[in-house]
Amino acid sequence: MSARTLPLLFLNLGGEMLYILDQRLRAQSIPGEKARKGERRAGPSAAVMNDIISTMFNNKFMEELFKPQDLYSKKALRTVYDRLAHASIMRLNQASMDKLYDLMTMAFKYQVLLCPRPRDILLVTFNHLDAIKDFISDSPGILNQVDETFRRLIETYNCLSDGEFQLIRQTLLIFFQDMHIRVSIFLKDKVQNSNGRFVLPISGPVPWGTEVPGLIRIFNHKGVEVKRAEFTTAGNYVTPQREGSFELYGDRVLKLGTNMYSVTRPVETHMSGSSKNLASQAKEHTAPNPLAKEELNFLARLLGGLDIQKPAGGESGFRLNLFTTDEEEEHAAQTRPEELSYKVINIEATQEPGRRAELARILGELDAAEPRPGSAAKGEDLLALMDGL
C-alpha cells in the first residue's frame, strides 16, 4: 500500500462532490447563477460552494492530509465527507448523502480504471482542481488556497517514479474493488454493466511514450534489430499527439476528471442487486480496525478543523435533494440496506466541553465493535489532541 495515496483520493472525490453539488444547486434553481457569466456570485449557491471549497482547502487540513500515511477505512473517510458537505448553510439528509457518496466514488473509480498510465492519475487530479478554481474564480482568497494545494501536489508527486505511481493506482483499486453501485449516467452511456461493473474500452489512444501495438521487433545479443513481424490487433489504437501538462497551468490533454455534469443530465443512481447483498463485505463497518488509534487521531485533527458555517443574521439554511422528488428521496432512505447506510454527523467545532464529549463519542463509534487493550490510553490521546486544537 502506498503512503502517498490519501491526498489524491481525497481531492478527486472532493472534486466529484463539488461537481454534483453544483449541478443540483443549478437544477433546484438555488440563487447564485450569475457567477457563471462573469458576474460576482451572490446568494445561497455562492455561499455553499465557497464555504465547502474554503474548508476543503484549509491550509492546516492540507498539511495533515499530505503527511505520508496509509489509507483509512471507507467509513472513516465517509465521515470526513459528511462534515465537508455540511460545512455551509446547505443540509443533506441521509438518503441524499448516501447517493452523493455513491456518485463520487463510482465516478473516480471509473477514472482510475481508464487512466492510460498510472502517472496520469495526477492529471485527473489537476483536472478536478482546474474546475474547482473556476467555481471560485471571483474569490481570490480561496483561489490562493487551491493554488497552494496545486503546488503541494507538484512538489510531492512530480518527482515520483512510474513504479510509485503504479503502487498508488493499485492502492486506489483495492480501496474501490468491492464497490459496484450502478449509476444511470454510466448505464446510459453503456460503460457500466447491469451488475455495476465497468466496461473498459479496447480501442483509443495508447499511453504517452508507448507505440501502437501490432509490431514485434527481434534483436540479437548485440542489441541490433534483426527481424520484424506484424500482427493484427483487436482494437483501433492511436498515438497521442502530446503529453498532458503537469504544471500549475497548462493543457492536461486527458479529459478524465473533468465535469461530466456540465451538460444538463440527471445524477440518478440505482442500487444493483449485488450491492444490496453485501452483508458479508460490509463487516468492515463493524469489524475491529487495526489502525484504529491512528485513524481516530487523524479524524480528530481533521474534524476539529472543520467548522460548520451557521447562517448569518436572519439567513436561513436550505436542504438540497439529490433525487428528482422528495418522494424518491424518502423511498431511497427506506429501502437502502442497513449495512450500506451511514449517519450524517454534525459536530460543532468549538472548544466547549460538550463538543469534546460529542466528538469522542462519535469517534468511538468509528472504532472497533469490541474493546481492545489500550483503549483508555487512546481516549487520553484523543482528549489531549483535542485540547490542542
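# Close-up views of a predicted model

**View 1. Ring pairs join F10, F61, Y81 and Y101 in one cluster.** The model is predicted, so local features need pLDDT of at least 70 and side-chain atom pairs count only at pLDDT 80 or more, while totals for chains, interfaces and linings use all residues. Residues are numbered from 1 along each chain as its sequence is written, and side-chain values use heavy atoms, with hydrogens and water left out. Rings of Phe, Tyr and Trp (its six-membered ring) pair if their centres lie within 6.5 Å; planes under 30 degrees apart count as stacked, over 60 as edge-to-face and the rest as tilted. The whole structure holds 11 aromatic pairs. One of them, Y81 with Y101, is tilted, at 6.2 Å centre to centre and 45 degrees between the planes. Y81 belongs to helix α4 and Y101 to helix α5, so this pair ties together parts that are 20 residues apart in sequence. Helices (H or I, at least four residues) and strands (E, at least two) are DSSP runs, numbered from the N terminus. Y81 and Y101 are both buried; buried means under 20% relative accessible area, exposed over 50% and partly exposed in between (1.4 Å probe, protein chains only).

**View 2. Y157 and F165 form a tilted aromatic pair.** The ring centres of Y157 and F165 are 6.4 Å apart, with 40 degrees between the planes. Y157 counts as buried because its relative accessibility is 0%. F165 is also buried, with a relative accessible area of 0%.

**View 3. The side chains of D82 and R78 are joined by a polar contact of 2.9 Å.** A polar contact is a pair of N or O atoms within 3.5 Å; within protein, one must be able to donate a hydrogen and the other to accept it, and residues adjacent in sequence count only if both atoms are side-chain atoms. D82 is part of helix α4 (residues 74–85). With 1% relative accessibility, D82 counts as buried. An α-helix has 3.6 residues a turn, so residues three or four places apart point the same way.

**View 4. Helix α5 is largely enclosed by the rest of the structure, because 18 of its 21 residues are buried.** At 1.5 Å a residue, the 21 residues of α5 should span 30 Å, and the 31 Å between its end C-alpha atoms agrees. The expected span of a helix is 1.5 Å times one less than its number of residues. At the start of α5, a side-chain oxygen of N93 comes to within 3.2 Å of the backbone nitrogen of A95.

**View 5. R119 sits in the loop between α5 and α6.** R119 is buried, with a relative accessible area of 15%. A polar atom of the R119 side chain lies 2.5 Å from the backbone oxygen of L160. Helix α6 (residues 120–135) has 16 residues, which should span 22 Å at 1.5 Å a residue; its end C-alpha atoms are 23 Å apart, which agrees. Of the 16 residues of α6, 14 are buried, and the helix is mostly covered.

**View 6. The largest pocket has a volume of about 540 Å³.** Of its 23 lining residues, L114, C115, P116, P205 and L254 are the closest to the pocket centre. Two or more lining residues come from each of α5 (94–114), α6 and β3 (204–205). The lining divides into 15 nonpolar, three polar and five charged residues. Ala, Val, Leu, Ile, Met, Phe, Trp, Tyr, Cys and Pro count as nonpolar, Asp, Glu, Lys and Arg as charged, and the others, Gly among them, as polar. On a 1 Å grid over the protein atoms alone, a pocket is an open set of points where a 1.4 Å probe fits, with protein on both sides within 12 Å along at least five of seven lines; lining residues have an atom within 4 Å of a point. Grid points are joined across faces, edges and corners, and the volume is the space filled by probe spheres set on the points.

**View 7. K190 has a positive phi of about 60 degrees although it is not a glycine.** K190 lies in the loop between α9 (184–188) and β3, and at 68% relative accessibility it counts as exposed. V253, also not a glycine, has a positive phi of about 65 degrees. V253 is in the loop between β6 (237–238) and β7 (269–270) and is partly exposed, with a relative accessible area of 29%.
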